Amino acid sequence: MKKKGHILLIQLIVLTLQMLLSGACNHIELDYPGAVNPEKVEVIFDWGDHPDASPQGMTVYFFRLDLPDGRAGKVPPIAFDFKGSTGGRVSLPPGRYAAICHNNDTDCHSYVGFQEYGNFGLRLTDLNLRTGLNMGAQGLKNMDDERIVNSPDDIWISAIDLLEIKKSAEGSKELQTVRFMMKGVVHRYTFVIHNPVNFSKSMRISAAISGMSGTLHPGRGMTGEETVTHIFEMYALPSGGLMGELLTFGHCGENDIVQHKPSRSTEARHTLAVTATLTDGQTWQSVHDVTEQIHNSSTPDARVVLDSLVIPKPIGGGGWSPGVADWEGNTEFIGM
């Protein structure tokens, strides 16, 4: 259901900040054309492509396209929150709109380009390196100079480039309908290491992967240009190997957010850094180029495999063999 006063509050906050920053020289009218007599509109979320999806809430943004000159891009969208995943009834002034929706039951992202349909985006938030998973972060940050970010939760989106809310005939009780076809935009990457030599269950193993997408823009149907680094745990398999999984917006920049296909050729590389920590706190890292495996994946849910990983043995029950210092590793180019 629509939060009372939500639209007006957003508009007042944004307009107040704009006036303060500009010395109140560029005043913008608060009302939308036709706002006096809004139309009742039924919003429907269509989950035909994702019948098992069950988000706890949804948000829809309506971007007015027929504002007077000088106001385009300066007026925030009209926003509505819905409980559950089915939709509900809202009130909109008659006019031409673009619209974006996504589930709102996640806190893994912030927003960019909030006031414009084409620039509106979800941006993954920075990982807190003081807590949780942070092994391998320093090495990858030095190599690839990327933000280290939180992995996304499941996110579904839909975007409509153009829709028109018409003024109803007097006495008409017929509701206008806006239907959003929901699409999943988060993909699952799996990382497998066969034959990890000298591995024991007393070790902690984590990994980091670089060159991943950090932002997505539903209105464009593309991820943003920025690439980021994700960190994830790896755990032992009954077969003796190691496995880790990661949810991501996809790889590189400027990909189709549904099909996961690059919009142009890219030279972005993908570095997988595997870090082992013994009970005495010593660390060792091995670095691998896995670009070809990711780029040549036949599905958006990529699978990356290392045939082996040799972890140095401690000497005399503690410490590492000579020549293996903190963060020292080797780079290996891994094909399909």
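Me: Hi! Where in the structure is Glu-233?
Reply: Glu-233 is in strand β17, which covers residues 227–236. Strands here are DSSP runs of E with at least two residues, helices are runs of H or I with at least four, and both are numbered from the N terminus.

Me: What should I know about the model before we go on?
Reply: This is a predicted model, where local features need pLDDT of at least 70 and side-chain atom pairs count only at pLDDT 80 or more, while totals for chains, interfaces and linings use all residues. Residues are numbered from 1 along each chain as its sequence is written, and side-chain values use heavy atoms, with hydrogens and water left out.

Me: Back to Glu-233, then. Which side chain does Glu-233 join in a polar contact?
Reply: The side chain of Arg-204, at 3.1 Å. A polar contact is a pair of N or O atoms within 3.5 Å; within protein, one must be able to donate a hydrogen and the other to accept it, and residues adjacent in sequence count only if both atoms are side-chain atoms. Glu-233 and Arg-204 are 29 residues apart along the chain, with 8.4 Å between their C-alpha atoms.

Me: How accessible is Glu-233?
Reply: Its relative accessibility is 32%, so Glu-233 counts as partly exposed. The cut-offs are under 20% relative accessible area for buried, over 50% for exposed and partly exposed in between, using a 1.4 Å probe and protein chains only.

Me: New topic: sheets. What is the strand order in the open sheet of three strands?
Reply: The order is β4-β1-β10, and the pairing is mixed. Two strands pair if DSSP finds at least two bridges between them. The edge strands are β4 (87–92) and β10 (176–181), each pairing on one side only. From one strand to the next, the twist averages 30°; for such angles, axes are lines fitted to C-alpha atoms (for helices, over the stretch in contact), and the angles run from 0 to 180 degrees between N-to-C directions.

Me: In which sense do β1 and β4 pair?
Reply: Antiparallel, over six bridges, with β1 covering residues 39–46. Glu-42 stands opposite Arg-89 in β4.

Me: Which residue forms a salt bridge with Arg-89?
Reply: Glu-42 again, with the closest N and O atoms 3.5 Å apart. Arg-89 is in strand β4 and Glu-42 in strand β1, so this pair ties together parts that are 47 residues apart in sequence. A salt bridge means a side-chain nitrogen of Lys or Arg within 4 Å of a carboxyl oxygen of Asp or Glu. Arg-89 is exposed at 52% relative accessibility, while Glu-42 is partly exposed at 23%.

Me: How many salt bridges are in the whole structure?
Reply: A search finds 10. Another one joins the side chains of Arg-147 and Asp-126, at 2.5 Å from N to O. Arg-147 lies in strand β8 (residues 147–148) and Asp-126 in the loop between β7 (121–124) and α2 (137–144), so they tie together parts 21 residues apart in sequence. Arg-147 counts as buried, at 16% relative accessibility.

Me: Which residues are linked with Arg-147 in a network of salt bridges?
Reply: The network links Arg-147 with Arg-123, Asp-126 and Glu-226.
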